[in-house]
Amino acid sequence: MLKTQVHIGRGLTIKNPVMTASGTFGYGIEYGDFIDLNRLGGVLVKGTTLHPRQGNPYPRMAETPSGMLNAVGLQNKGVDYFCEHIYPTISGYDTAMIVNVSGSQVEDYIETAEKINALEGIPAIELNISCPNVKEGGMAFGVTCAGAASVVRAVRAVYDKTLIVKLSPNVTDITEIARAVEAEGADSISMINTLLGMAIDAEKRRPVLSTITGGLSGPAVKPIALRMVWQTAQAVKVPIIGMGGIASAKDAIEFLLAGLQPSKSVRTTSWIPP
């Protein structure tokens with residue numbers, strides 16, 4: 001019988017390597033009429049912050065060749081709303097419900113992680129360290145080893161379940177960032193987040209997005225994601241969760257192969273969007 005279970009750190013085992021990427025699947029319940037969520041290995045719910053966020057002004061999405069740009073801005077109702085209203089509706093599913101956590105300063109990550117740590121039915125969180133650090137002039141936490149390490153170190157001190165850290169591809173050497181978060185206690189690494197991009201309306205002579213730039217995702221980013229997964233798999237020992245342009249079983253297999261180690265053990269799980 002085929003064994004499909006995958007270990008993603010700190011004793012957490014999911015039933016199969018098929019998961020949904022945060023931001024693409026809402027809280028999961030929105031897709032309950034289209035797919036049996038219990039068949040999935042896990043659901044990464046949309047980004048959750050300490051306080052409610054309205055997100056960025058419209059337009060904040062733009063279609064591109066083989067992909068899309070988004071600048072939604074982490075719109076959500078905050079962690080307290082999640083705990084009181086969303087958690088009771090998703091905690092009964094027979095799949096790993098994992099919460100993506102974002103913040104504007106280290107203290108935001110700490111407090112949000114503490115609140116989610118108290119939820120028995122949430123076995124893990126995914127730290128989105130691509131967020132801008134307001135105390136450091138807006139530079140994203142995840143683009144420097146020091147910034148990435150500071151968030152992971154702080155959250156690790158208050159969060160005792162599986163800690164997944166989502167890496168930004170907008171860096172010079174992603175393996176350095178991966179080693180830094182592993183050293184501070186990351187149980188696994190997810191990658192990649194979106195690539196910074198831009199679209200211009202030639203007729204209106206201005207950027208399409210209200211924020212000018214946004215995150216590029218879709219099939220166009222898959223070759224970059226595969227390369228970064230392969231590089232990182234050679235650099236760290238923790239499991240890697242691969243994503244970026246996955247739209248078929250063949251795409252997912254490519255990510256599994258990218259994470260193949262010299263020991264011939266596959267440590268990469270893949271995320272297939274709905």
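The model is predicted: local features need pLDDT of at least 70, side-chain atom pairs count only at pLDDT 80 or more, and totals for chains, interfaces and linings use all residues. Residues are numbered from 1 along each chain as its sequence is written, and side-chain values use heavy atoms, with hydrogens and water left out.

**Overall build**

- The protein has six helices and 16 strands. Helices (H or I, at least four residues) and strands (E, at least two) are DSSP runs, numbered from the N terminus.
- The radius of gyration is 18 Å, close to the 19 Å from the globule rule for 274 residues, so the protein is as compact as a globular protein of that length. The radius is taken over C-alpha atoms, and the rule is 2.2 Å times the number of residues to the power 0.38.
- Along the principal axes, the C-alpha atoms fill a box of roughly 60 × 45 × 40 Å.
- Of the 274 residues, 51% are buried. Buried means under 20% relative accessible area, exposed over 50%, and partly exposed in between (1.4 Å probe, protein chains only).
- Among contacts with a separation of 6 or more, 69% come from residues 24 or more positions apart. A contact means heavy atoms within 4.5 Å.

**Surface and charge**

**Helix α4**

- Helix α4 spans residues 174–183, and its buried residues are Ile 174, Thr 175, Ile 177, Ala 178, Ala 180 and Val 181.
- An α-helix has 3.6 residues a turn, so residues three or four places apart point the same way.
- The buried residues of α4 pack against α3 (145–156), β9 (162–166), β10 (188–191) and α5 (222–233).
- Gly 185 follows α4, with a positive phi near 115°.

- Strand β8 (residues 124–128) is largely enclosed by the rest of the structure, because five of its five residues are buried.
- One side of β8 carries Ala 124, Glu 126 and Asn 128; the other carries Ile 125 and Leu 127.
- β7 (residues 96–101) pairs with β8 in the parallel sense over four bridges. Strands pair if DSSP finds at least two bridges between them. Ile 98 stands opposite Ala 124.
- β11 has Leu 195 and Gly 197 on its covered face, and Leu 196 and Met 198 on its uncovered one.
- β11 pairs with β14 in the antiparallel sense, also over four bridges. Met 198 faces Thr 213 of β14 in that pairing.

- Most residues other than glycine have a negative phi, and most peptide bonds are trans.
- Tyr 58 and Pro 59 are joined by a cis peptide bond, omega about -5°. Pro 59 sits in the loop between β4 (42–48) and β5 (61–64).
- The bond from Met 191 to Ile 192 is cis, omega near 10°. Ile 192 lies in the loop between β10 and β11 (195–198).
- Arg 10 is not a glycine, but its phi is positive, about 55°. Arg 10 belongs to the loop between β1 (6–7) and β2 (13–14), and is partly exposed at 49% relative accessibility.
- Ile 212 has a positive phi near 75°. Ile 212 lies between β13 (206–207) and β14 (213–217), in a loop, and is partly exposed at 43%.
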